[in-house]
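Please look over the sequence and the three-dimensional view before reading the points below.

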Amino acid sequence: MTIVVLVKYVPDAQFDRHLDGARHTIDRAESILSELDEYPLEAALQLAEARGGASAGNRIIAVTMGPESASAAVKKALQIGAYEGVHLSDPALAGSDVAGTSKALAALIDSLGPVDLVLTGMASTDGETSLVPAQLAARLGFGQATFAAALELDGDLAVVRRDGDAFSEVIEVQLPAVISVTDQINDPRYPNFKGIMAAKKRKIEVLTLAGIGLDPATVGASGAQAVVARSQPVPARGAGVLITDSGDAGIALVDFLADQKLL
Amino acid sequence: MRNIVVFIDQPGSALGKAGKELLTFARGLGAPVAAVAGELSEAVRAELGEYGVAQVLNSNQAELFEYSIVPKAEFLAVAAQRVDAQLVLTGNSAEHKEIAARLAVLLDAGVISDAVGVVADADAGIQVEKLVLAGSYTVSASVRSAIGIVALKANGVEPEAAGSSSAAAVETVEVPFSELALRARIASRQARPASGRPELSEARIVVAGGRGVDGDFGPVEELADLLGAAVGASRAATDAGWIDHSAQVGQTGKTVSPQLYISVGISGAIQQKAGMQTSKFIVAVNQDAESPVFEIADLGIVGDLFTVLPQAIEEIKRRRA
């Protein structure tokens, strides 16, 4: 089977993250593979391995879109164990909103030939919208099951458990499908020496919009349907009062609640 | 006056707080039209009238609940087109955001999620406020499409009835569902045990426990119940199995913006801070004075939660007695 795993190169949340003041886009210095993309990759590896791995004709294609530096996300995915890597890179993609991103990814996935499963994380850790998997499924004409806490395949049926606030559901979706997974689904593996050496031999295929037959006007800043007009940093929260308990800190806590009329 | 479609999902016997908030927002922007999926009771119909809804579009087709997400998006698309809406408002739960995303594709429209406010500007049209990068920036966004889809977070506005109420006219909608809408079948659905506490992302007060509770959420839960608060947790606490994953606050859990967040035994790693730093007030109790959470706490208490919390609990009971 052919599994596409979406991977994203995102600013490392351990550092201060910034929006570019003029274009309101995210400053992409000090970026890493989105932590939440390790879970779909692990899920793909487990599914493929249970079916005989690469030698049995299974494909795991790590796919990203973004500037040149975004290749690092695909490279990391290859080190962890993805079999192939594809990077859609085109200056016209800059400023893509959810619609543009899902259009570009759908055209890219269509260009890869028949795909059984597209696996994604539950959200990117930069945009944090969780909207792309749903739009991607719509544009590909695939079934959709999201926030999978468990995933099994039964022939051409994917069986997904999804835990909401009020309900836990089991969803059965026909392949091909787009499935996003939560951080509850598995424990991702780390790249090992063998994986790192093997990744060096694997080539990352770089594609452009022309290469996947997509009109640049439909994506990027020019094709965006949602646009940001203004952005402003929120003043950093400062520390307030810090006390060390000397026997009456519980009373101080209640005094604080009373002062703020929260009792 | 522009029509604003508000999605009301299975209201049951009463309109929830989230629905009332959406209608309050919608009234400030135009004429709210309720798109109700599921059975519409007389009580809910009356409440919709009280919140300024003159027109209700209702579908109770079985497909809406037997299949996942897409049928509800197709219902909303029919509703939005029926009244030539300029805006569709949905809640911001995982399910509702995805419905908004699919609806945007169906209507070829722009979608904005995680919104904290919507204003109608005479010049610039509808402007949507949201927080990005874990609450470190506010942005003002708008859509270029003829219709906009906006998913609004809870607690953005105090729900307010319209003042004058009129009976809402109800029109039944029959959605011609597509083959694609019926791809993902809900094979089973199990209610999760109800805690009786408010829902985490809607709660006015959250009391959250972390590694420091060392398996004992008792004091956290007792304080939460006294304050009518929701119980939250750090990833360390949910990963340890001390509390259900659905309680997790943080980058890979829920983002909360309550009036008050009481952080107990949580050091405050950046992922945890990302989920709660837009709370109005933050109180932190932790043994380690170097905990990062103290950098953002309005009141920080360096101490043992197993003495501080019981004392606070007794004091609240004493003052209320």
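Is the crossing of α4(A) and α5(B) left-handed or right-handed? In this predicted model, the crossing of α4(A) and α5(B) is right-handed. The points below describe this pair of helices, then helix pairs within each chain, the make-up of chain A, and several individual residues.

**Helices from two chains**

- Two packed helices are described by the angle between their axes and the distance between the axes.
- For α4(A) and α5(B), the angle is about 35° and the axes are 8 Å apart.
- On the side of α4(A), the residues that meet α5(B) are A134(A), Q135(A), A137(A), A138(A) and R139(A).
- Their partners in α5(B) are E98(B), A101(B), R102(B), A104(B) and V105(B).
- Sorted by class, the contact of α4(A) with α5(B) has six nonpolar, one polar and three charged residues.

**A helix pair within chain A**

- Helix α3 (residues 98-110) of chain A packs against helix α4 (residues 132-140) of chain A at an angle of about 50°, and their axes are 9 Å apart.
- The crossing of α3(A) and α4(A) is right-handed.
- From α3(A), the residues V98(A), A99(A), T101(A), S102(A), K103(A), L105(A), A106(A), I109(A) and D110(A) take part in the contact with α4(A).
- From α4(A), the residues V132(A), Q135(A), L136(A), R139(A) and L140(A) meet α3(A).
- The contact of α3(A) with α4(A) comprises eight nonpolar, three polar and three charged residues.

**A helix pair within chain B**

- Helix α4 (residues 70-82) of chain B and helix α5 (residues 94-107) of chain B have axes 8 Å apart and pack at an angle of about 55°.
- α4(B) and α5(B) are therefore oblique to each other.
- The crossing of α4(B) and α5(B) is right-handed.
- In α4(B), the residues that meet α5(B) are V70(B), K72(B), A73(B), E74(B), L76(B), A77(B), A80(B) and Q81(B).
- In α5(B), the residues that meet α4(B) are E95(B), I99(B), R102(B), L103(B), L106(B) and L107(B).
- These residues of the contact of α4(B) with α5(B) divide into nine nonpolar, one polar and four charged.

**The make-up of chain A**

- Chain A contains seven helices and 13 strands.
- The C-alpha trace of chain A spans about 65 × 45 × 40 Å along its principal axes.
- Chain A has 263 residues, of which 52% count as buried.
- Among contacts in chain A between residues at least 6 apart in sequence, 70% join residues at least 24 apart.

- Helix α2 (residues 71-80) of chain A is mostly covered, with seven of its 10 residues buried.
- Those buried residues of α2(A) are S71(A), A73(A), V74(A), A77(A), L78(A), Q79(A) and I80(A).
- After α2(A) comes G81(A), whose phi is positive, near 150°.
- In helix α1 (residues 17-27) of chain B, the buried residues are G19(B), E21(B), L22(B), L23(B), T24(B), F25(B) and A26(B).
- Among the elements of chain B against which the buried residues of α1(B) pack are β1 (3-9), β2 (31-37) and α2 (42-50).

**Individual residues in strands**

- N286(B) belongs to strand β14 (residues 281-286) of chain B.
- Buried means under 20% relative accessible area, and N286(B), at 10%, therefore counts as buried.
- A polar atom of the N286(B) side chain lies 3.0 Å from the backbone nitrogen of D288(B).
- The side chains of N286(B) and S291(B) make a polar contact (3.4 Å).
- S59(B), in strand β3 (residues 55-59) of chain B, is buried, with a relative accessible area of 0%.
- Residues touched by S59(B) include V36(B), L64(B), F75(B) and V173(B).
- A229(A) is found in strand β12 (residues 226-233) of chain A and counts as partly exposed at 43% relative accessibility.
- The C-alpha atoms of A229(A) and R23(A) are separated by 8.8 Å, although these residues are 206 residues apart along the chain.
- A229(A) touches residues of both chains, including H24(A), Q127(B), S140(B) and A141(B).

Methods. Residues numbered from 1 in each chain as written. Chains lettered and ligands numbered in written order. Predicted model: local features only at pLDDT ≥ 70, side-chain atom pairs only at ≥ 80, totals over all residues. Heavy atoms only, no water. Helix = DSSP H or I, 4+ residues; strand = E, 2+ residues; numbered from the N terminus. Buried < 20%, exposed > 50% of the residue type's maximum accessible area, 1.4 Å probe, protein only. Polar contact = N/O pair within 3.5 Å; in protein donor to acceptor, adjacent residues only side chain to side chain. Contact = heavy atoms within 4.5 Å. Axes fitted to C-alpha atoms, helices over the stretch in contact; angles between N-to-C directions. Left-handed = near helix turned anticlockwise from the far one by under 90°. Nonpolar A, V, L, I, M, F, W, Y, C, P; charged D, E, K, R; others polar. Parallel < 35°, antiparallel > 145°, perpendicular 65-115°, else oblique. Lists of a residue's contacts leave out its neighbours within four places in sequence.
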